[in-house]
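This report describes how parts of one protein chain are packed and paired. Please keep the sequence and the structure in view while reading.

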Amino acid sequence: MEEREPTGFKHERTLSLKNWHVDEQGNFVEFSVPREAARGGTAGRLITINGQPDAVVEMPAGQIVRVRLLNLDNTLTYRINLKGDFEARIYALDGNPITPRPLGKDYWLGPGMRICLAIRMPAAGEELSLRDGSVRLGTLRSVASSEAPGDWPPALPANPIAEPDLANAEKINFNFEWVGSVSVNTENGKPPSLWQINGQAWDITDKTCSDRPIATLKKGKSYIFELKNMTQYQHPIHLHGMSFKVLSSNRHKIPEQYFTDTYLLGKNERAQVALVADNPGTWMFHCHVIDHMETGLMAAIEWRDASAADHRPQPRPALHAPGAGAGGAGGCIGRGAGGRGAGAARRGDRAGLQLPDQRQRPQRARRNGGHSRGGAGGQQLPAAGQHAVCDAGAVQHVRRADRAFAGQPRCVRGPGAQGRDRAEPGAILYPGVSEPPGAVRGRGAGRGVRAILTEFFRARRAKA
């Protein structure tokens with residue numbers, strides 16, 4: 001690769017990590033399975049380096065070699081570490097130089113992420129194991145070299161990125177949430193809606209989603225993005241068009257603030273990153289786990305001159321009843337026969353969802369104060385086999401796509417619900433918002449909750 005300035009490295013290798021979705025005969029298998037897309041993503045079965053399984057890469061003995069590691073996988077996060085007699089330092093992350101520091105025990109490299117290492121190779125004939133945790137990915141073999149050992153090169157020259165003005169930056173919250181609703185009519189080419197950002201799930205089959213950006217940035221202004229992972233899985237969050245500076249995290253120490261374009265957001269992690277809006281356009285903001293991105297975890301962020309006229313299409317009105325059309329205002333969340341209409345109502349910094357651990361024993365969900373209450377704006381109970389998906393604070397009735405829970409109702413809190421109660425198969429959860437105890441709007445309003453639920457499940461059994 002061409003550099004703007006000399007780097008001081010005499011030797012360089014590029015190692016591309018890739019996980020392939022193939023069977024024992026080498027035939028491609030499903031790239032995405034809904035059951036796995038709702039979790040960490042659909043992993044393949046064959047891991048390669050530069051297209052070779054169990055690869056062996058030769059490097060000159062005693063020399064300091066620049067090793068560019070690229071995670072080209074669409075699902076796996078690698079816990080990169082080396083085993084053997086070596087010394088390694090990190091020189092750059094995701095194409096942005098940092099102050100060189102030791103590699104340490106390991107480094108978590110998410111999909112689409114890159115790391116630039118400098119490795120001092122051992123004596124000729126010795127080998128280093130490149131590993132993912134305890135699993136060997138390949139071998140770095142030291143071969144004889146006539147060159148004298150060199151010194152560690154200086155830090156790489158910094159990229160020309162504008163420094164954000166933190167004192168005057170505007171803060172924007174982004175909640176990355178799990179919804180786990182498997183929509184009807186997915187046979188029409190629409191994927192299930194499993195993930196969302198600030199209550200909005202991206203529909204990859206709707207080409208107008210980018211017309212409704214989740215945030216609009218003003219030219220030259222500094223911003224701090226508060227990234228909140230409200231799920232039990234890691235998400236490598238990637239922004240197109242602009243680099244951002246990683247400031248802090250509530251889960252681990254940031255050794256030094258640094259620029260990047262992708263941040264691996266751990267489960268239940270809250271991190272702050274900052275940027276200057278200096279590149280015009282509408283840019284994608286998404287999880288680099290393709291399974292997550294294609295099932296909702298993506299949004300558009302627009303950079304716009306404040307003086308420019310707004311020629312974007314006006315957002316569609318929010319719809320409340322399930323199956324009543326496309327997504328709500330500002331939210332590209334339509335799925336199957338009808339959208340959810342909760343985009344505008346679900347924005348903001350609200351308590352989010354926790355992905356239920358499938359290994360837990362089923363538990364009956366708690367109800368607020370011993371009463372079941374209607375959600376904000378009312379809860380419409382579903383007919384047999386339907387999904388009830390309403391405004392913030394209302395219940396979401398979902399079905400699992402996988403066989404293990406096929407045909408069982410599954411209820412989880414909406415993004416506006418308070419607390420983190422979990423509902424296992426067969427449990428019903430009505431988060432209390434503002435309704436009096438026992439009130440359930442919509443069908444059967446004014447009647448007791450027990451009578452409504454009895455009628456609902458009787459209808460389900462009859463249809464089954």
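In this predicted model, there are 6 aromatic pairs.

What surrounds Phe174, leaving aside its neighbours within four places in sequence? Its contacts include the nonpolar residues Ile197, Ile214, Ala215, Leu227 and Ile301, as well as Phe225 and Phe285. Asn198, Glu226 and Lys228 are also in contact with Phe174.

The largest nonpolar core of the model has 64 residues. Leu69, Phe174 and Phe225 are the residues with the most contacts inside this core. Strand 12 (residues 170-181) gives the most to the core, with 4 residues.

The table lists two lysines, each lying over the face of an aromatic ring.

| Lysine | Ring | Distance from the ring centre |
|---|---|---|
| Lys18 | Trp20 | 5.6 Å |
| Lys221 | Tyr223 | 6.0 Å |

The next topic is the pairing of strands. Strand 10 (residues 127-132) runs antiparallel to strand 5 (residues 78-83), and 4 bridges join the two. Within this pairing, Asn81 has Arg131 of strand 10 as its bridge partner.

Strand 10 is also joined to strand 11 (residues 135-143), by 6 bridges, and these two strands run antiparallel. Which residue of strand 11 is the bridge partner of Leu130? The partner is Gly138. Strand 10 and strand 11 form a hairpin with 2 residues between the strands, and in this hairpin Gly133 takes a positive phi near 65 degrees.

When tracing these strands in the structure, the student may keep one general rule in mind. In a regular strand, the side chains alternate between the two faces of the sheet.

Strand 10, for its part, is bridged to strand 5 and to strand 11.

Note on methods. Residues are numbered from 1 along each chain as its sequence is written. This is a predicted model: local features need pLDDT of at least 70, side-chain atom pairs count only at pLDDT 80 or more; totals for chains, interfaces and linings use all residues. Side-chain values use heavy atoms; hydrogens and water are left out. A nonpolar core is a set of buried Ala, Val, Leu, Ile, Met, Phe, Trp, Tyr and Cys residues joined through side-chain atoms within 4.5 Å. Buried means under 20% relative accessible area, exposed over 50%, partly exposed in between (1.4 Å probe, protein chains only). Contact means heavy atoms within 4.5 Å. Two strands pair if DSSP finds at least two bridges between them. Rings of Phe, Tyr and Trp (its six-membered ring) pair if their centres lie within 6.5 Å; planes under 30 degrees apart count as stacked, over 60 as edge-to-face and the rest as tilted. A charge sits over a ring if NZ of Lys or CZ of Arg is within 6 Å of the ring centre and within 35 degrees of the ring normal.
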